[in-house]
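Work through the exercises below with the sequence and the 3D view at hand. Try each task before reading its solution.

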Amino acid sequence: MSNIPNVDVIDLDSIDVTNLNRQFLFRQKDVGSSKAEVAAKFINERCPWMKVTPHHGMIQDKDLNFYRSFNCIISGLDNVEARRWLNATVCSLVELDEDGDPDPETIIPIVDGGTEGFAGQARVILPRITSCFECSLDSFPPQKTFPLCTVAETPRLPEHCIAYAFTIQWPTVFPDKKLDSDSPDDMKWVYEKALIRSQKYDIEGVTYMLTMGVVKNIIPAVASTNAIVSAACVNETVKLLTFCSQTLNTYMMFMGKSGVYSHTFVYEKKDNCPVCSATVRKMQVSPKMTLNELLQTLRDGDLRLQAPSVTAATSGKTLYMQKPAALQKITKVNLDKKLNDLIEDGEELTITDPLFPGTSLGLSIFFEN
Amino acid sequence: MATDNKYDRQLRLWGANGQKKLSESCIVLVNATAAGTETLKNLVLPGIGRFHIIDDSPGPTSSGNENENEKESEPFSNFFVFDSHSKQGENVDGGSNRSRAEIATKHLSELNPDVTGSFTAVESLESADYSSILSSLDQNHSNLLVVAADLPSSILQTISSLCWNGLDPDTDTDTDTGASTSIPLLIVKSYGLIGSVRLQTPHHPIVESKPDNANADLRLASTSVHPDSFPELNALKDSINLESLESHEHNHVPYVIILLKAMDLWRKQVAMASETGTGIGKEEANTRLPKTFAEKNEFRKVLASMARNMNQELNFIEADKNYYMAYTKLDMEEVQELIDSVEDRIRVRSKVNPAVVDNKLMCTFDVLLLALKKFMLAHQGFPPLNGSIPDMAASTQGYIELQGIYKNKAQKDKEEMQHVIHAIGQEYGNGTNVIPNVSDEELTIFCKNIYNIRLTKTRSYQQEYTFDFGDEKDEIMGEIAEATYDAYEVPDQTPLLWFIALRACDAFYDQHGHYPGQDGRELALESDTNDVQKHIVDIVEKLGLSENELVQSTLLSKEEEKKNAYAKEMTRYNNAEVHNIASVVGGVASQEAVKMITGQYVPIDGNYIFNGIAGVAGIFKL
């Protein structure tokens with residue numbers, strides 16, 4: 001509606017009936033079809049000056065050249081991992097000149113928006129200039145799950161019964177089949193098992209709706225908040241593309257449960273951000289720590305990597321590679337070796353991870369005495 | 001997909017109850033501008049009952065080109081108002097004969113088959129008979145809500161008066177008693193890169209305000225001081241002998257019980273101390289609660305001493321985390337005001353002819369509040385119990401047993417409330433039908449939300465526009481001044497300044513009959529800018545901000561570069577319809593409308609200003 005005709009849209013999802021309360025480009029007849037394709041078709045017909053090109057698939061299916069071809073990228077992604085991937089990809093496109101300053105020609109702004117019930121936020125990321133998404137990773141703590149002993153031994157809430165049904169009972173009864181949370185049959189099975197368990201313990205409150213909420217971790221969503229955030233994002237995009245006014249610096253949040261609280265502030269860059277700062281991190285470890293234990297720390301600690309691979313920076317020696325399979329097989333033997341048998345004290349490691357395509361992390365290991 | 005219900009994602013916010021209220025609502029939009037239709041879109045999608053558009057504009061004219069192959073490719077700013085001559089396979093209307101009201105109604109209705117849309121295309125919005133249109137729409141006016149979009153103040157004053165006083169000419173709205181059948185009104189504007197939303201409602205009671213950090217109502221303090229107020233809980237506490245428990249039982253005792261026992265133990269210590277001469281009577285020691293900082297610390301230590309392993313027993317860790325719940329009462333301040341004033345409200349309202357006000361002397365809200373007041377008087381100031389307890393480390397059996405005790409007491413309290421309400425009916429009724437029926441559902445929800453009860457009442461648009469502050473003058477001007485001390489990082493972009501600039505455009509319209517910037521020639525633009533600036537100065541003065549530092553350095557700045565900057569920018573806009581701003585406004589306004597209709601969450605009281613230049617927003621009560 002702002003006369004920006006050339007738009008590409010990527011989405012891997014198909015339209016679900018529960019989208020219809022807010023995703024207004026879709027109708028009942030479109031349920032089951034590709035979101036990207038239906039959205040593009042609707043816009044191109046309603047607004048004939050538009051040329052929207054749909055891509056039905058994952059953002060990770062596209063390569064760097066694809067992303068390089070855009071002037072601005074708007075993200076309405078619904079999970080942290082995808083945002084991290086996109087952020088790292090677009091940040092990796094920025095080239096530094098001889099003085100180490102980012103070349104403005106290679107900076108592609110990312111405008112990111114998200115909502116949850118009556119709350120939402122919109123932010124502008126200018127890669128290498130402002131804070132990036134990874135800088136704010138701490139504000140998205142990993143999803144909490146119920147403690148295993150509560151679920152398995154002392155359930156008290158209907159949620160515990162549901163968690164038992166889908167995390168313990170399902171894999172026992174269907175060891176080779178992954179639970180499909182979009183299948184009514186699968187969900188009915190979980191609901192019924194949860195209900196039986198709750199009856200055994202005299203726990204009230206297991207309903208089908210609650211079952212879905214727990215299994216799918218459903219976040220409530222409405223038309224109004226999504227309208228606010230998406231409009232705010234587009235507003236910034238238009239200003240970024242046309243230079244007609246100043247842009248959001250850098251983060252705006254809305255909370256609408258009580259009145260409307262809006263807060264705009266600068267989200268500061270994180271000094272040792274693995275994506276947008278070039279610093280080499282330092283880590284102190286026990287000399288007895290194995291390579292496998294180090295990898296576990298990289299996954300479970302504050303870096304929250306997915307599947308790290310490690311190379312020694314100066315010698316270039318490969319310590320462990322997740323892919324390709326042949327290399328993984330050869331380097332697997334290093335996993336149980338102690339770090340101080342593999343590297344020197346203070347040696348720098350280069351870490352790569354599927355979450356950060358095109359970038360690597362520098363990590364210097366120091367052994368405790 | 002795993003569910004058939006398209007409203008699933010929103011039901012998780014406002015429940016079936018809220019959804020029902022939405023489906024029974026009727027939204028009236030006056031002026032189908034982009035801000036207006038965007039607001040409606042976000043209400044049609046979640047399933048309101050019906051909407052009705054009142055508009056005086058003709059539809060967009062067809063390009064006149066009969067060649068079907070040539071597409072109309074001129075961008076339009078209203079997603080729901082476009083010439084459908086060559087769009088989307090239609091060739092229906094012949095474009096130019098349909099009113100904007102009709103076109104917008106058609107494209108909005110299409111969004112959701114559950115919603116009915118209708119319209120009235122009027123000659124002019126200035127002279128439209130709003131009263132008769134609204135009256136014809138709904139027998140029960142309480143289902144109506146009006147959205148007034150991008151209207152000049154003269155029309156707004158007509159509509160806002162009508163909504164404030166309700167459709168019945170015999171009632172005058174008294175904000176304190178809520179007498180009248182006023183209609184909630186949302187005033188929205190999208191003007192260049194500035195947007196605003198303002199709600200007008202004289203009396204909007206809220207039971208389910210759903211605050212973010214509502215604390216559980218565990219009644220530990222009251223049970224400790226008045227054991228008779230909750231005998232079952234005390235009995236449960238007494239039946240447990242911590243020392244005799246095996247370790248796996250010991251670490252599964254719910255923290256509620258632990259805190260009660262800790263209180264007993266602390267009191268024993270205090271009593272012992274008094275025997276050694278610190279002067280506290282034994283009897284007082286039995287009902288005493290820690291008050292001083294030292295006492296509270298001591299209590300916490302006593303609690304820790306009861307644990308066998310403070311680092312590993314989860315229930316004791318929880319008890320320590322929540323130690324203050326053993327002696328504090330939940331805050332009832334906001335609710336207390338409503339309780340204290342209910343009898344006065346009823347007394348005043350009884351002077352208004354009850355026959356006119358839906359035959360009711362009291363609204364349901366007041367009946368419930370009065371019943372609450374009487375209940376509390378009979379129970380040492382404690383309201384009916386909510387009955388829910390949070391999850392806590394405990395055995396299944398122990399938790400279910402504890403949960404059952406709370407649920408039973410809540411049920412008993414609710415039944416007592418039912419008796420109280422019945423007695424109120426007898427007392428005030430005198431055989432005539434002046435007390436509304438309170439359904440079991442309403443009573444249940446009320447009892448579960450005692451601490452969340454709120455009442456929103458805004459000032460009228462009329463009062464605001466005419467700067468009629470009444471007794472609230474100091475408070476309002478004080479708040480406005482405060483807003484300037486909390487300036488945005490880039491002070492020139494502080495939303496309040498843009499609110500004033502927007503108001504100046506309204507004043508300009510009052511004066512000239514059109515918005516500034518209509519004539520694009522340089523001299524005209526300059527003259528318009530000067531007029532807008534004059535109005536800015538006038539408004540600044542009426543708000544008591546003429547000497548204000550922020551205002552002086554921005555709106556009133558005499559510096560070469562900054563002089564009349566706001567007036568210039570507003571003149572440049574000439575009330576341009578920028579879709580993104582209209583969309584933000586539509587999002588905010590629709591959210592407020594949903595809160596008003598469902599009676600859940602807390603609506604805004606004030607003007608919400610969105611500054612799309614810097615992406616910053618603020619609220620000002622005027």
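B:Phe51 stands opposite B:Gly117 in strand S3 of chain B. This is a predicted model: local features need pLDDT of at least 70, side-chain atom pairs count only at pLDDT 80 or more, and totals for chains, interfaces and linings use all residues. Residues are numbered from 1 along each chain as its sequence is written, chains are lettered from A and ligands numbered from 1 in the order in which they are written, and side-chain values use heavy atoms, without hydrogens and water.

**Exercise 1. Trace the sheet around B:Phe51 and B:Gly117.**

Step 1. Start with the strand pair. Strand S2 (residues 50–55) of chain B is joined to S3(B) by 6 bridges, and the two run parallel. Strands are DSSP runs of E, at least two residues long, and helices are runs of H or I, at least four long, numbered from the N terminus. Two strands pair if DSSP finds at least two bridges between them.

Step 2. Widen the view. The open sheet has 8 strands in the order S3-S2-S1-S4-S5-S6-S9-S10 (chain B), and its pairing is mixed. Strand S3 (116–121) and strand S10 (616–620) of chain B are the edge strands, each pairing on one side only. Neighbouring strands are turned by 15° against each other on average, direction ignored.

Step 3. Contact means heavy atoms within 4.5 Å. Axes are lines fitted to C-alpha atoms, for helices over the stretch in contact, and angles run from 0 to 180 degrees between N-to-C directions.

**Exercise 2. Is helix H14 (residues 364–378) of chain B largely enclosed or open?**

Step 1. Check its length. H14(B) has 15 residues and reaches 21 Å from its first C-alpha to its last, close to the 21 Å expected at 1.5 Å a residue. The expected span is 1.5 Å times one less than the number of residues.

Step 2. Count burial. In H14(B), 11 of the 15 residues are buried, so the helix is largely enclosed by the rest of the structure. Buried means under 20% relative accessible area, exposed over 50%, partly exposed in between (1.4 Å probe, protein chains only). Among the buried residues are B:Phe365, B:Leu369 and B:Met376.

Step 3. Look past the end. B:Gln380 follows H14(B) and has a positive phi, near 50°.

**Exercise 3. What does helix H3 (residues 80–92) of chain A pack against?**

Step 1. Look at the start. A side-chain oxygen of A:Asn79 comes within 3.2 Å of the backbone nitrogen of A:Glu81.

Step 2. Find the buried residues. They include A:Val80, A:Trp85 and A:Leu86. In total, 11 of the 13 residues of H3(A) are buried.

Step 3. List the neighbours. The buried residues pack against helix H2 (64–68), strand S3 (73–75), strand S4 (110–116) and strand S5 (119–125) of chain A.

How values were computed
Polar contact = N/O pair within 3.5 Å; in protein donor to acceptor, adjacent residues only side chain to side chain.
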